[in-house]
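Please consult the sequence and the model below while reading.

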Amino acid sequence: MSAHLHTTTRSSGGHHDRDHGHSQSHSRIQIQGVHKHFAQPGKGDSQQVLSDVSLELQHGEFVCLLGASGCGKSTLLNLVAGFEQPDGGRLLCDGRPITGPGPERGMVFQQPTLFPWLTVRQNVDFGPRMAGQRAADYAARADEFLRLVGLADFADHHPWQLSGGMRQRAALARAWLPEPEILLMDEPFGALDAQTRLAMQELLTGIWQQKRTTILFVTHDVDEALFLADRVVILSSRPGRIRQELQVPFERPRSFEDLVADPRFGALKRDILHVLREEAAKSLQSVAA
Ligand SMILES: Nc1ncnc2c1ncn2[C@@H]1O[C@H](COP(=O)(O)OP(=O)(O)O)[C@@H](O)[C@H]1O
Ligand SMILES: [Mg+2]
């Protein structure tokens, strides 16, 4: 391993703690020795997807999960979301076992799942409206998030009148409106063109720096991970294990121009690509076997 990639200790202490003055005895998210397999239809055996995965997210931390396609990134996110249950180990949010989906854990998918017959505002405030909250309780927050994602002037438009980036911004506002403790994001910018993706990354980190929501963000784009994250976690090829963790050293706010001019960026990127390439080669071997 080269000198640039130093694995961080798992139990990084309270220096990510951004809720000043509150006592927090638990990490925001604790993933402890998690195993997950899926039955394979038509085959006798089952497929081990995650093996002994342990990971902690501190309050307000931005963690990017990198790994080859099929290594179990979405599965891990779905476990934290509570859409799936582990076969072994456990998952905790603020010290409480995760037993199903909950409003303290918001999710953003690669394809923004907006209702086409609702306006942008109706999509954004859909959750609290369906939960029977009074408009007075969420209208100001809806305004704030529409403004933060740059859609204040498009509140009465319908999704089909928006570009892909705008639709994803609406989905982001909707996920953030209930002010979840953690946002789970599964390759949310993967379908966008490079320019739009960069604008979305800047928008996301801008809002995150205000809100300090904990974020677990899945990507297979190394540049994106280094631009966004406090910490990058690389999963091995299937079954997914934590292959490497690294702290991202760049100050915030970050600009991509400054990042690419920083020699540490090139060195980190090269080292991560090397690890990913090793893992991709392993998964090819296991397919051939
Ligand atoms: N609900 C499921 N049922 C059966 N197999 C699944 C299910 N979800 C994921 N898998 C399998 O688990 C493996 C990991 O999938 P996934 O977590 O989506 O990987 P990634 O997001 O890293 O590309 C894949 O082989 C996939 O086919
Ligand atoms: Mg996935």
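The shell around ligand 1 comprises six polar, four nonpolar and three charged residues; Ala, Val, Leu, Ile, Met, Phe, Trp, Tyr, Cys and Pro count as nonpolar, Asp, Glu, Lys and Arg as charged, and the others, Gly among them, as polar. The model is predicted: local features need pLDDT of at least 70 and side-chain atom pairs count only at pLDDT 80 or more, whereas totals for chains, interfaces and linings use all residues, and side-chain values use heavy atoms, with hydrogens and water left out. Residues are numbered from 1 along each chain as its sequence is written, while chains are lettered from A and ligands numbered from 1 in the order in which they are written.

**Surroundings of ligand 1**

- In total, 13 residues surround ligand 1, and the closest are Gly70, Gly72, Lys73, Ser74 and Thr75; a residue is included if one of its heavy atoms lies within 4 Å of the ligand.
- Strand E2 (46-57) and helix H1 (73-81) each supply at least two residues of this shell; helices (H or I, at least four residues) and strands (E, at least two) are DSSP runs, numbered from the N terminus.
- The largest share, three residues, comes from H1.
- For Gly72, a backbone N or O atom is 3.0 Å from an oxygen atom of ligand 1.
- On its own, ligand 1 has 560 Å² of accessible area, of which the protein covers 63%; such areas come from the Shrake-Rupley method with a 1.4 Å probe, and for residues only the protein chains shown count as cover.

**The chain as a whole**

- The secondary structure consists of nine helices and ten strands.
- The radius of gyration, taken over C-alpha atoms, is 19 Å, close to the 19 Å that the globule rule gives for 289 residues, so the chain is as compact as a globular protein of that length; the rule is 2.2 Å times the number of residues to the power 0.38.
- Of the 289 residues, 49% count as buried, meaning under 20% relative accessible area (1.4 Å probe, protein chains only).

**Ala142**

- Ala142 belongs to helix H4 (residues 135-148) and is buried, with a relative accessible area of 0%.
- Leaving aside residues up to four places away in sequence, Ala142 touches Arg121, Asp125 and Leu177, where contact means heavy atoms within 4.5 Å.

Technical notes: Buried means under 20% relative accessible area, exposed over 50%, partly exposed in between (1.4 Å probe, protein chains only). A polar contact is a pair of N or O atoms within 3.5 Å; within protein, one must be able to donate a hydrogen and the other to accept it, and residues adjacent in sequence count only if both atoms are side-chain atoms.
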